[in-house]
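Please look over the sequence and the structure below.

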Amino acid sequence: MASRLYTWGQWAVRRRGRVLAVWLLLLAVVGGLGVTLHGKVSTEFSVPGIESQKAQDLLEEKFPTAAGGVARVVFAAPEDGGLGEPGAEAALTASLRKAAGVPGVVNVSDPAEAGTVAESGRIGYADVLFRQSADNVPETSKDALTQAMERARDAGLEVEFGGSAMQPKTEVGGPAEIVGVVIAFAVLAFALGSLIAAGLPLLTAVVGVAIGVLGVQFVSRFIEMTSTATVLALMIGLAVGIDYALFILSRHREQLADPDTDVEDSIARAVATAGGAVVFAGATVIIALSALAVTGIPFLTVMGLAAAATVLLAVLIAVNLVPAVLGMLGERLRPRPRGSERAAGSWALGWARIVTGKPLIVLLVGVVGLLALALPARDLRLGLPGYASQPADSTQHKSYDLLSEGFGPGFNATVTAVVDTSGIPAADRTDTLTRLRTDLSRDRGVAAAARPVPNPDGSLAVISVVPRTGPDARATTDLVHRLRDNAPAVDKAGGTLYIAGATPAAIDIAGKLSGALPLFIALIVILALILLMVAFRSLLVPVKAALGFLLSVAASLGATVWVFQQGHLNGVLDIPSAGPVTSFLPVLLIGVLFGLAMDYEVFLVSRMREHYEHTGDAAEAVVHGVARSGRVVSAAALIMVAVFGGFVFNHDPIIKSIGFALAFGVFIDAFVVRMTLVPAAMALIGRRAWGLPGWLDRVTPDVDIEGAKLPAPVPAGQEDEYREAVGARGSR
């Protein structure tokens, strides 16, 4: 593989103008399609086959007016007033009447008739029902609804909005994310000692991310995807795009430190060696993200494929566009001898000798420390963030607080009992529904169960059930399971009972993902063992890498539970309230962190094997590998942490938790596992790390990612003779 990448790198350098033109043309074409023909992204996480989704599909088919999006208008009078005061009541009535005229609205409930005013008389709400599903309510209608309530605000009422139709949009590109990129540039400048060199990985990464994200937007015209898919593609594409370019650039500059090195040969050699590590590492990320398809959850599959596509672009840019740009910059990237660079290399050398000096102690301390970080993960609870997780100053969060204050915490966790009565004789339907309502009301966790509301032909009915506890409480989860225990009695009568709503949907999705997680982990671990065995022709290196990866995931999950579920550091990270961890975060973390962990594993261990291939000294190979790659691995990890860390301050609770988990996971994996535990383990294993059983050695392909079979470096001034020799070999 190294020889082919060497030739590929040479081709890109010699045709650098054409290569650059092709990438810019691709950016223009995909960008034009993404901007002008993009689709609409969804804020809903639907999963076919789960009970709550079956109920939603049934409502859309038989009771469409009950399946439309709902905007819940929550209003509150001042502390010393009430909604029944003449001025407030008149203004509220006029505003709701105006809301009924908003395009798409089919009904606006009357708080007085519906009894939706709290006992205190200060807080109430009205439900605005739209013809479209929640995800299809246009922004213009939402804006018109907000404007319709101006008179109520003018009368001194506080007006906030909740409900399924008022999901906030996920926004990207805020100050926090930009700060992450600025920090990445600072790390690059320090690591490379050149502003020109530091700008190159950022520039090429932005090209890849722009093509990837705009391409995803264009594809959203044909495939339903969530807004999180676009953000994940941006997050991962930017991080790996910078890192992959950095790997090749740093190897190129390391080689150029020798004044006799030819620039073109150095670029091709960097593509052949560091580029080989990039190809292998990128392949693991792509396969790991694509493996999200085994969960059987469409939105997660699309999310993984979208991110995988941006990683593929990052790999292609690293081995094609990057060498072309390196060729354009030529001698300007040749480093000047500097004491700071020798110092940067010396700390990595010193660290390597410390870690390999007492490897067993280092291993024990490191493993125990990571297991301690993982302890909170024992209490992991999965769910989907509700409006309580939105920023404290958002209208969704304020409406949540007002409803909790006026009607109790369980009001925000209202579930819907959907009863298919088509199989029940018409004369028995009313009695069956009455008995069901009574049974539901008797549950200790139910605060109230509303009267059954049938559809026009009586074949379907809904019963709203208000729990006593909030949507994130474990008691509410237990209640949903108990409510579903009433299904056999309804089945016996000839009907079918479904328990649906936002809270049951979150429970169903979490259950589906929990069931898929063991298979996904097994697939990822087996994949790691196979790929790394092929890359390093070793059995012990892959086993060590897989165990280290599992420790990184466990520690990252433990930290995520400690922060987001248990509520620590909420003020620092601007987390409005503690709650369950996003249901798809663990599987996403495993897929992404696996690929990124293999980045550092391949780059670090390939330098060890490269030295071992040339010297046969296993102990010195470990020290040499850390000394030569420590700075670039540390810089790459800090860049990843900065990019992912920027998303921690995104207002979207899902993006916030994903950014934190990935930033923490990368930091732990790079600095604790790869830079500390890996060299310690390699020092203990010794020469046994670089061997395969005879029968396995014969069937394992030799991919040569270290470049051991490359020709000798081309001395400066002999480029023409070398090219003639290469041409002669190519013509044979």
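The notes that follow describe a predicted model and are grouped by topic.

**Strands**
- Strand β3 covers residues 123-130, and seven of its eight residues are buried, so the rest of the structure largely encloses β3.
- Strand β1 (residues 70-76) pairs with β3 in the antiparallel sense over seven bridges.
- Valine 70 has leucine 129 in β3 as its bridge partner.
- Strand β2 (residues 105-108) also runs antiparallel to β3, and three bridges join them.
- Opposite valine 105 stands phenylalanine 130 of β3.

**Two packed helices**
- Helix α12 (residues 263-290) packs against helix α13 (residues 298-329) at about 175 degrees, with the axes 8 Å apart.
- An angle over 145 degrees counts as roughly antiparallel, and α12 and α13 are therefore roughly antiparallel to each other.
- Residues making the contact include Ile267, Val271 and Gly275 of α12 and Gly304, Leu305 and Ala307 of α13.
- The contact of α12 with α13 has 17 nonpolar, five polar and no charged residues.

**Aromatic rings**
- Twelve aromatic pairs are found in the whole structure.
- Phenylalanine 247 and phenylalanine 603 have ring centres 4.3 Å apart and planes at 15 degrees, so the pair is stacked.
- Phenylalanine 247 belongs to helix α11 and phenylalanine 603 to helix α23, so the pair ties together parts 356 residues apart in sequence.
- Phenylalanine 247 and phenylalanine 603 are both buried.
- Phenylalanine 407 and phenylalanine 411 are stacked too, because their planes are at 25 degrees, with ring centres 4.9 Å apart.
- Phenylalanine 407 is partly exposed at 25% relative accessibility, whereas phenylalanine 411 is buried at 10%.
- Tyr125, Phe407 and Phe411 are linked into a cluster by ring pairs.

Terms used: Residues are numbered from 1 along each chain as its sequence is written. This is a predicted model: local features need pLDDT of at least 70, side-chain atom pairs count only at pLDDT 80 or more; totals for chains, interfaces and linings use all residues. Side-chain values use heavy atoms; hydrogens and water are left out. Buried means under 20% relative accessible area, exposed over 50%, partly exposed in between (1.4 Å probe, protein chains only). Helices (H or I, at least four residues) and strands (E, at least two) are DSSP runs, numbered from the N terminus. Two strands pair if DSSP finds at least two bridges between them. Axes are lines fitted to C-alpha atoms, for helices over the stretch in contact, and angles run from 0 to 180 degrees between N-to-C directions. Angles under 35 degrees count as roughly parallel, over 145 as roughly antiparallel, 65 to 115 as roughly perpendicular and the rest as oblique. Contact means heavy atoms within 4.5 Å. Ala, Val, Leu, Ile, Met, Phe, Trp, Tyr, Cys and Pro count as nonpolar, Asp, Glu, Lys and Arg as charged, and the others, Gly among them, as polar. Rings of Phe, Tyr and Trp (its six-membered ring) pair if their centres lie within 6.5 Å; planes under 30 degrees apart count as stacked, over 60 as edge-to-face and the rest as tilted.
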